[in-house]
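Take a moment with the sequence and the fold before reading on. The paragraphs below go from one residue to the whole chain and then to the ligands.

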Amino acid sequence: MNDFDMNDFDMKRYVQLDTGKCKACWKCQEVCPRQVIGKINIIIHKHALMKRKADCIGCLKCVEICPYGAFNVMTIEK
Ligand code: SF4
Ligand code: SF4
């Protein structure tokens with residue numbers, strides 16, 4: 001899927017991460033084209049983290065690849 005930039009339209013799409021559902025497979029971090037997603041990766045505490053939320057372009061690659069449905073799609077008016 002090509003990158004799709006919702007910023008060209010009146011609505012901005014972005015994602016929220018439910019860290020409680022995250023199983024720390026890191027697939028979302030690998031596919032994110034904007035390096036939005038980081039890691040909390042210590043021994044008993046591992047999950048993805050939206051470290052640069054403002055850079056999210058709403059491409060939904062993370063949503064599509066997450067095996068555990070940890071992302072929610074959000075839209076707001078610009
Ligand atoms: S929607 Fe796209 S840009 Fe935003 S966090 Fe997911 S993969 Fe990264
Ligand atoms: S793809 Fe899903 S389960 Fe894997 S690190 Fe990302 S949010 Fe967590």
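Why does alanine 24 count as partly exposed? Alanine 24 has 15 C-beta neighbours inside 10 Å, and therefore counts as partly exposed. The class rests on C-beta atoms placed from the backbone: 20 or more others within 10 Å make a residue buried, 12 or fewer make it exposed, and partly exposed is in between. This is a predicted model, in which local features need pLDDT of at least 70 and side-chain atom pairs count only at pLDDT 80 or more, while totals for chains, interfaces and linings use all residues. Residues are numbered from 1 along each chain as its sequence is written, and chains are lettered from A and ligands numbered from 1 in the order in which they are written.

Alanine 24 sits in the loop between E1 and helix H1 (27–31). Its phi is positive, about 60°, although it is not a glycine. Tryptophan 26 lies in the loop between E1 and H1. Its phi is near 70°, again positive in a residue other than glycine. Tryptophan 26 is partly exposed because it has 14 C-beta neighbours inside 10 Å.

Now the whole protein. It has two helices and four strands. These are DSSP runs numbered from the N terminus: helices are H or I with at least four residues, strands are E with at least two. Along the sequence the pattern reads β-α-β-β-α-β. Of the 78 residues, 21% count as buried. Take the contacts with a separation of 6 or more: 65% of them join residues 24 or more positions apart. A contact here means two C-beta atoms, placed from the backbone, within 7 Å.

The largest nonpolar core has 14 residues. Such a core is a set of buried Ala, Val, Leu, Ile, Met, Phe, Trp, Tyr and Cys residues joined through C-beta atoms within 7 Å. Leu17, Cys28, Ile37, Cys62 and Phe71 have the most contacts inside it. Strand E1 (11–17) and strand E3 (45–50) each supply at least two of its residues. Beyond its neighbours within four places in sequence, phenylalanine 71 touches Val15, Gln16, Leu17, Cys62, Val63 and Cys66.

Finally, the ligands. Ligand 1 is surrounded by 14 residues, the closest being Cys32, Val36, Cys56, Cys59 and Cys62. A residue is near if its C-beta atom, placed from the backbone, lies within 6 Å. Around ligand 2 there are 13 residues, and Cys22, Cys25, Cys28, Cys66 and Ala70 come nearest.
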